[in-house]
Structures are given as structure tokens and as C-alpha cells.
Amino acid sequence: MNETIQLLQNHRSIRDFKDQPLEREVIETLVKSAQQASTSSYVQAYTIIGVTDEDKKQAIMEISTQPYVKDNGHLFIFVADYNRHLELAKRKGYEIHFDTTESLLIGVVDVALAAQNLAVAAESLDLGICYLGSIRNNTKKIIEILELPEGTFPVIGMAVGYKNSEGSFKERLPQDTVYFENTYPEFEQIEASLNDYDESITEYYKTRDENKRQDNWSEQVVKKLSKMDQVRKDIKDVLNAQGFLKD
């Protein structure tokens with residue numbers, strides 16, 4: 001097993017960072033690594049915003065409610081972005097269509113690929129990272145804070161920094177429940193493996209140092225997904241206001 005595979009298979013989220021900002025050279029290296037991710041049709045439909053202004057970080061932290069959004073080495077916000085394409089089209093006499101569902105998917109996938117490249121690059125430098133879906137608690141406010149123009153949408157944030165702790169390793173689903181060849185299985189074929197996984201996660205939650213809980217994976221995710229119709233209900237309206245999903 002090579003170092004890259006070891007790095008990928010040892011990932012963990014870090015939420016406790018030293019009070020030490022990332023050096024400019026490190027930031028530029030991480031962004032360059034993100035830029036080399038695959039991109040659909042070379043569109044590169046994303047922008048990365050580093051937030052260094054303390055007032056803006058405080059405002060974003062209040063939206064997310066997570067202190068490590070402010071207390072880290074550097075805060076990155078990954079934005080699905082067609083604004084530069086829109087402005088180029090105006091100057092060249094074209095009309096572009098970024099308001100379709102496919103266009104939104106292209107932007108979100110481009111963001112995800114760039115973000116993961118940055119995450120792996122950071123971890124290869126022994127930095128800690130934590131993805132921040134919590135910026136979507138109020139995307140309208142994030143857009144205001146970052147002064148995002150038409151054709152953009154903040155998809156995810158990432159806190160990066162020098163680690164105060166190593167975090168805890170969370171076991172993922174068994175491979176025989178997520179990888180299949182040629183066809184999708186009947187649920188009964190994976191049920192026993194999922195039950196074993198639940199038992200393993202229950203033990204993990206009992207033994208970890210912080211945030212112990214009586215829980216298992218399936219109960220946790222089913223409860224969460226059962227309430228998704230009440231979560232971040234404004235997102236479609238904000239997407240529409242930014243010019244997306246009008247098809």
C-alpha cells in the first residue's frame with residue numbers, strides 16, 4: 001500500500017486547530033492542487049474564496065454555529081460559479097444557459113472535485129480539515145457576506161489548519177454494501193452486513209473519548225433523513241434568485 005492510499009484511508013475530520021494561520025505559500029499550494037481536479041468539459045465552474053477578515057469569519061461562524069469555522073488556520077468557501085462565463089458571454093455576443101438542472105450539477109460536481117483535491121493536499125502536509133455543510137444554514141446571508149454575484153452559489157466550506165488533536169477514525173460502510181458489479185442488489189443481500197456495521201458503530205460511540213452516544217448508523221441516518229423536508233427550505237429560492245434552476 002503506497003503513501004497516497006494510506007493517506008486516503010486514514011482520513012478523519014479535525015475540529016480543533018492551533019491558533020496559527022496557514023502561510024501564503026501553503027494556501028497557494030492547496031488552491032493549485034484544487035485547480036488540477038477534473039472538471040466537466042473544461043468549464044471550471046467554481047471559485048474558491050479564502051475568508052481572512054475576522055468579522056466575516058465571525059458572521060459565517062454564527063450562521064454555522066460551529067466555533068472551528070472561525071478558529072482555524074484558513075477558511076475556504078467553495079462556490080459553484082458561472083459568473084465569469086456569463087460576463088465572457090456578454091462580451092462575446094453569446095447567451096449562455098446556466099439555469100438548467102444539468103448546469104447546477106456540473107457546478108456542484110466541479111466544486112466537490114476541487115474541494116476533495118484540496119482536502120487531500122492539506123492532509124498530505126499533515127494539516128487537518130473539516131468540511132462545512134453548515135454554511136448552507138443561511139445561503140442568502142453567506143451570499144451577502146461574500147458579495148457573491150449572479151450565477152454563483154456557496155456549496156460548501158472547509159476549515160483547514162494545524163492540528164491540536166488527531167480526531168477519531170470513523171469506520172465507513174462495509175464494501176459489500178456499497179460496491180456491486182453490473183446490477184444493484186436486493187436489500188436482503190446487504191442487510192446482514194449493515195446489521196454488523198450498526199453493532200460496530202454502537203461500540204465506537206461508546207468508547208470514543210468525546211461525545212459518547214447510544215446510537216448506531218442506521219438509526220442515526222434514518223432519523224436525519226426523515227426530517228430533511230424541514231431542513232434549509234430556502235435553498236431553492238436562493239438558487240432561483242442567483243439564476244439557477246429556472247428550466
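**Close-up views of a predicted model**

**View 1. Helices α7 and α8 cross.** Helix α7 (residues 188–207) packs against helix α8 (residues 217–226) at an angle of about 95°, and their axes lie 7 Å apart. This is a predicted model, in which local features need pLDDT of at least 70, side-chain atom pairs count only at pLDDT 80 or more, and totals for chains, interfaces and linings use all residues. Residues are numbered from 1 along each chain as its sequence is written, and side-chain values use heavy atoms, with hydrogens and water left out. Helices (H or I, at least four residues) and strands (E, at least two) are DSSP runs, numbered from the N terminus. Axes are lines fitted to C-alpha atoms, for helices over the stretch in contact, and angles run from 0 to 180 degrees between N-to-C directions. The α7 and α8 pair is therefore roughly perpendicular (65 to 115 degrees; under 35 is roughly parallel, over 145 roughly antiparallel, the rest oblique). L194, Y197, D198, I201 and Y205 of α7 meet W217, S218 and Q220 of α8. By class, this contact has 5 nonpolar, 2 polar and 1 charged residues. Ala, Val, Leu, Ile, Met, Phe, Trp, Tyr, Cys and Pro count as nonpolar, Asp, Glu, Lys and Arg as charged, and the others, Gly among them, as polar.

**View 2. Helices α3 and α6 pack together.** The angle between α3 (residues 54–64) and α6 (residues 139–146) is about 175°, with axes 10 Å apart. The two helices are therefore roughly antiparallel. K56, A59, I60 and I63 of α3 make the contact with K141, I142, I145 and L146 of α6. Contact means heavy atoms within 4.5 Å. Of these residues, 6 are nonpolar, none polar and 2 charged.

**View 3. A four-stranded open sheet.** The 4 strands run in the order β1-β2-β4-β3, with antiparallel pairing. Two strands pair if DSSP finds at least two bridges between them. β1 (46–51) and β3 (128–132) stand at the edges with a single partner strand each, so one side of each has no neighbour in the sheet. On average, neighbouring strands are turned by 25° against each other, direction ignored. Between the antiparallel strands β2 (residues 74–81) and β4 (residues 152–161) there are 8 bridges. D81 sits opposite T152 in β4. Helix α4 (residues 83–92) packs on the sheet and touches β1, β2 and β4. Its direction makes about 45° with that of β2.

**View 4. The largest nonpolar core.** This core holds 55 residues. A nonpolar core is a set of buried Ala, Val, Leu, Ile, Met, Phe, Trp, Tyr and Cys residues joined through side-chain atoms within 4.5 Å. L30, I60, F78 and V160 have the most contacts inside the core. Helix α5 (residues 101–124) gives the most to it, with 9 residues. Beyond its neighbours within four places in sequence, F78 touches residues including I48, V111, L118, F153 and M158.

View 5. H74 lies in strand β2 and is buried at 7% relative accessibility. Buried means under 20% relative accessible area, exposed over 50%, partly exposed in between (1.4 Å probe, protein chains only). Leaving aside neighbours within four places in sequence, H74 contacts residues among them L22, I27 and G50. S134 sits in the loop between β3 and α6. S134 is also buried, at 9%. T101, in helix α5, is partly exposed at 41%. The C-alpha atoms of T101 and F244 are 7.7 Å apart, though 143 residues separate them along the chain.
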